[in-house]
Amino acid sequence: MTEDDVVDVRDDDELLTIGAFAARARLSAKALRLYDRLGLLAPAHVDEASGYRYYRAGQVDLARLVAMLRQLDMPLARIAEVVGVVDTADGVAAGDRLAAYWADAEARFAAQRTLAEYLRARLSGRNSEMYEKFEIETVDVPEQVVVTESRHVLVDELPVWIPASLGRLEEAAATRCGGIAGAPFVVYHADVSPESDGPVEACVPVADEAAARAWAAARGRERQTGARVEPAHRLAYTRITKAQVAHPQILAAYEAVEAWMKREGLRYAGPCREIYFADWDAAGPQDAVCDVAFPVR
């Protein structure tokens, strides 16, 4: 007997060799071996002497499901989650997991579409048209005491990390550091992108420097927290809406400020930052919530 022979094909419980099963599932034997190796679809039986794999006819639908999920570019780990629920005969839960994956995929495609449009505008020389949408101003910021939390983070993690870190710092400021003394902000000490992880520093101005330093000392190195004095400085900034905060839309705001700085002959005096002055949860997509800013001299 060879691996391409049918052992028994009377019903769903009977065994097919890998070749016969592959033909019925409309897959290659190579794909089936990969699915087995990844734990997505194991053979019903493996002959100890020959090493031949045998599948039950009833596994055909599952094999086809795995193949179709792969066509959606679903990561193997998430396919395993769907398959695991299917194995419990919970079709509704499996469908919900697929819907959740596709919602994530559509959000990713939308962001990529926006980035492609942005890059097309840059490549076609329409930068100035984009920059004209932003009004650039300067403001002098006095010295501030801030409590901080730092982290290396990729761009996709920012929407979760920023509100969480600022929330922790605002609670500390209100209860341990004399109260919140200004709008919270986030400093980018190095590039943050899908490949570069900063670091990024969340900052909340506080009223009591001694209390802030005591709080930071008590925390030790937990969450890379600290307290420091932010020196007085001048900012060049543009105000953006909640919808514009999302990446990659926000990139145009940063470049607009930099282009204006270049025209005005201003130089960088520190890392760029985002200042969040509004109630994020209460704001609508077109409400102003954030200043994109560069310290200048």
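**Close-up views of a predicted model**

**View 1. Strands E10 and E11 run antiparallel and are joined by 4 bridges.** Two strands are taken as paired if DSSP finds at least two bridges between them, and the helices (H or I, at least four residues) and strands (E, at least two) are DSSP runs, numbered from the N terminus. This is a predicted model, in which local features need pLDDT of at least 70 and side-chain atom pairs count only at pLDDT 80 or more, while totals for chains, interfaces and linings use all residues. Residues are numbered from 1 along each chain as its sequence is written, and side-chain values use heavy atoms, with hydrogens and water left out. Within this pair of strands, Arg-273 stands opposite Ala-293 of E11. E11 also pairs with E9 in the antiparallel sense, over 8 bridges, and there Arg-234 has Val-296 of E11 as its bridge partner. E11 is mostly covered, with 8 of its 9 residues buried, where buried means under 20% relative accessible area, exposed over 50%, and partly exposed in between (1.4 Å probe, protein chains only).

**View 2. An open sheet of 8 strands is arranged in the order E4-E9-E11-E10-E6-E7-E5-E8, with antiparallel pairing.** Its edge strands are E4 (136-141) and E8 (225-230), each of which pairs on one side only. Direction ignored, neighbouring strands of this sheet are turned by 30 degrees against each other on average; axes are lines fitted to C-alpha atoms, for helices over the stretch in contact, and angles run from 0 to 180 degrees between N-to-C directions.

**View 3. Strand E7 (residues 200-206) is paired with E6 (residues 185-188) in the antiparallel sense over 4 bridges.** Val-187 has Glu-201 of E7 as its bridge partner, and Val-186 has Ala-202 of E7. E7 also pairs with E5 in the antiparallel sense, over 7 bridges, and in this pairing Ser-150 has Glu-201 of E7 as its bridge partner. Because 7 of the 7 residues of E7 are buried, this strand is largely enclosed by the rest of the structure. In a regular strand the side chains alternate between the two faces of the sheet. In E7, Val-200, Ala-202, Val-204 and Val-206 point one way and Glu-201, Cys-203 and Pro-205 the other way, and all are buried.

**View 4. Helix H7 (residues 158-176) packs on the sheet and touches E5 (144-151), E6, E7 and E10 (273-276).** The direction of H7 makes about 30 degrees with that of E7, and contact here means heavy atoms within 4.5 Å. Helix H10 (residues 249-264) also packs on the sheet, touching E4, E6, E9 (233-241), E10 and E11 (288-296), and its direction makes about 35 degrees with that of E11.

**View 5. Ser-193 is found in the loop between E6 and E7.** With a relative accessibility of 14%, Ser-193 counts as buried. When residues up to four places away in sequence are not counted, Ser-193 touches Leu-154 and Val-155.

**View 6. The largest pocket has a volume of about 1,600 Å³.** Of the 48 residues that line the largest pocket, the closest to its centre are Val-155, Leu-158, Val-245, His-247 and Ile-250. On a 1 Å grid over the protein atoms alone, a pocket is an open set of points with protein on both sides within 12 Å along at least five of seven lines, whereas a cavity is a set of points where a 1.4 Å probe fits but cannot get out; lining residues have an atom within 4 Å of a point. Grid points are joined across faces, edges and corners, and a volume is the space filled by probe spheres set on the points. H5 (91-123), H7, H10, E10 and E11 each supply at least two residues of this lining, and H5 gives the most, with 9 residues. The lining divides into 30 nonpolar, 7 polar and 11 charged residues, where Ala, Val, Leu, Ile, Met, Phe, Trp, Tyr, Cys and Pro count as nonpolar, Asp, Glu, Lys and Arg as charged, and the others, Gly among them, as polar.

**View 7. Strand E3 (residues 53-56) pairs with E1 (residues 15-17) in the antiparallel sense over 3 bridges.** Leu-15 has Arg-56 of E3 as its bridge partner. E2 (residues 45-46) runs antiparallel to E3 and is joined to E3 by 2 bridges, with Tyr-54 of E3 as the bridge partner of His-45. The hairpin of E2 and E3 has 6 residues between the strands, and in this hairpin Gly-51 takes a positive phi near 80 degrees.
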